[in-house]
Amino acid sequence: MVPESTSAGPGRVGFVGLGIMGSRMAANLARAGYELTVFNRTRSTADAWAAEYGGTVAGSPAEVGAASDIVISMVVDGDQVREALLGAEGVVQGASPGTLCVDMSTIAPAQTLAIGAELAARGLSLLDAPVTGSSPKAQDGTLTIMAGGSADDFARVQPLFEVMGDLVVHVGALGQGEMVKLINNAVAAANAATVGEALLVGQATGVDLDALVQVMGKGSGGSAMLDLKAGPMREHDYATLFKLEHMLKDVRLCLEEAQRARVPFAAAGRARDVLVAAMARGHADDDFAALVEALEAFANTRLRGIKITS
């Protein structure tokens, strides 16, 4: 049963971008009863998604706009967001005044503000609502969602956010969702690099890495990156949860904003350099745990895998 549309509720929902994250987020909305109108640049991907979850496949973002009161976009970068929302076949070409665009991609705050201004000139509004949590949390609807924009727009889309995430925060004005996300990801990248270096130092000094990870996990050295990435780093298992090249993009954007604000962020700068080095070693499409490959090269050693005990 489709949730009823009210003046304050979501109404008809469209979704643009059915990649690793978007496909899972849209699936949760479909399971919650929303009949989505969806678009993906690769049509076969959208057709396969609709065959599994229902809804209508549109031939362009403009068709999504024409069929929706709220349009969610989840694409790779600012250029793709602009094309999806404002391009020759963008949402704005089909949407009616009052349509709310919700961009859940991670892009530069300045791009968000510029796109928001152009949409407003056409009678549409924009909320930026990037997410954190990678594909497992997108799958089970437990993402963290940080939204920037007006309080009214946030309230209008909040029922959808609560289907896709378990922590939903209105962080401020338009663009602030992106800024919070960029800072968060820069810290995550810096923490992941630190975990990799700690493992290498531990191994080189004869430490039992199982014991090190156990103690750090319960002590002041614990972190989400220790929990999520220490195992994949030791096993050199880079099955993609969040692409390394996407993490590099986020860290770079964060550093650009920090520079604009004239505030140093040395840890993020170091993480950027490690990610660049890992990219150069061919790991762009791998999970960003592959940054350990660059750290291993710096140290001229390689981590040994997790011990198997019977």
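Predicted model: local features only at pLDDT ≥ 70, side-chain atom pairs only at ≥ 80, totals over all residues.

Guide: Residues are numbered from 1 along each chain as its sequence is written, and side-chain values use heavy atoms, with hydrogens and water left out.

Visitor: How many salt bridges does the structure hold?
Guide: Side chains of opposite charge can pair when their charged atoms come close. A salt bridge here is a side-chain nitrogen of Lys or Arg within 4 Å of a carboxyl oxygen of Asp or Glu. The structure's total is 13.

Visitor: D287 and K229 meet in a salt bridge, so are they buried or exposed?
Guide: Their side chains meet at 2.8 Å, N to O. That pair links distant parts of the chain, 58 residues apart, with D287 in the loop between α12 and α13 (291-299) and K229 in helix α10 (residues 224-235); helices are DSSP runs (H or I, at least four residues), numbered from the N terminus. On the scale used (buried under 20% relative accessible area, exposed over 50%, partly exposed in between; 1.4 Å probe, protein chains only), D287 and K229 are both buried.

Visitor: Which residues are joined into one network with R302?
Guide: R302 is partly exposed, with a relative accessible area of 44%, while E296 counts as buried because its value is 3%. Their side chains meet in a salt bridge at 3.1 Å, N to O. Through salt bridges that share partners, R302 is networked with E293 and E296.

Methods:
Helix = DSSP H or I, 4+ residues; strand = E, 2+ residues; numbered from the N terminus.
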